[in-house]
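Hi,

Here's the structure I said I'd pass on.

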Amino acid sequence: MPELRHQQVTRFIMPLREGGSLPVLTEADDEFKYVVKMRGAGHGAKALIAELIGGEIARKAGLRVPELIFLDLDEDFGRTEPDEEVQDLLKASRGLNLGMHFLSGAVTLDPYLNRIDPLEAS
């Protein structure tokens, strides 16, 4: 398994309210944006381990997977967040978390509007 980069989260941008784990969009000290899966979310660290393993298996299989990265959340991170649910999640996720490079041009896939190569889709 390749060594993952390790960065410090510097800015909370917004929660992404799709799915059940409430990932958040952040910026790190390398000035890139990342979607962070929080270890304090419902399924905890085991879900992050599964995402890491699944992502690296997909990469080894030749699928295009955004970069996975370890991200640290400082103790003070998210104190100004007004949403109590998000603030609780951030507090429970201090320390090491898993992030994925944010693809700013990516959009939700609509199979009726977006043509996808059958080989790539399989």
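This is a predicted model: local features need pLDDT of at least 70, side-chain atom pairs count only at pLDDT 80 or more; totals for chains, interfaces and linings use all residues.

**Salt bridges, cores and a patch**

Arg11 counts as partly exposed, with a relative accessibility of 38%.

Arg11 has a partner in Glu27: the two form a salt bridge, and their closest N and O atoms are 3.4 Å apart. Since Glu27 sits in strand E2 and Arg11 in strand E1, the pair ties together parts that are 16 residues apart in sequence.

The whole structure holds 5 salt bridges. Another one of them joins the side chains of Asp30 and Arg5, at 3.0 Å from N to O. Here Asp30 belongs to the loop between E2 and E3, while Arg5 comes from the segment before E1, so this pair links parts 25 residues apart in sequence. Arg5 is partly exposed, at 30% relative accessible area.

Going back to Arg5 and Asp30, shared partners join them with Glu67 into one salt-bridge network.

Now the nonpolar side of things. The largest nonpolar core has 16 residues, and Met38, Leu71 and Leu90 touch the most other members. At least two residues of this core come from each of E1, E2, E3 (33-37), E4 and H2. There's also a second, separate core of 5 residues, with Leu4, Leu52, Leu68 and Leu98 among them. If you want to click through the neighbours of Leu71, its contacts beyond four places in sequence include Val9, Tyr34, Val36 and Leu96.

Which residues of helix H2 (84-92) are buried? They are Val86, Gln87, Leu89 and Leu90. Looking down the axis of H2, those buried residues fall within an arc of 160°, so they line one face of the helix. Their cover includes strands E1 (6-15) and E4 (68-73).

One last item, on the surface: Ile49, Ile53 and Ile57 make up a nonpolar patch there, with about 280 Å² of accessible area together. Ile57 is part of helix H1 (44-60), and it counts as exposed because its relative accessibility is 54%, over the 50% cut-off.

Cheers

Methods: Residues are numbered from 1 along each chain as its sequence is written. Side-chain values use heavy atoms; hydrogens and water are left out. Buried means under 20% relative accessible area, exposed over 50%, partly exposed in between (1.4 Å probe, protein chains only). Helices (H or I, at least four residues) and strands (E, at least two) are DSSP runs, numbered from the N terminus. The arc is that of the directions from the helix axis to the C-beta atoms. Contact means heavy atoms within 4.5 Å. Patches are made of residues with over 30% relative accessible area and no salt bridge: like charges are joined within 9 Å, nonpolar side chains (Val, Leu, Ile, Met, Phe, Trp, Tyr) within 5 Å. Accessible areas come from the Shrake-Rupley method with a 1.4 Å probe; for residues, only the protein chains shown count as cover. A salt bridge is a side-chain nitrogen of Lys or Arg within 4 Å of a carboxyl oxygen of Asp or Glu. A nonpolar core is a set of buried Ala, Val, Leu, Ile, Met, Phe, Trp, Tyr and Cys residues joined through side-chain atoms within 4.5 Å.
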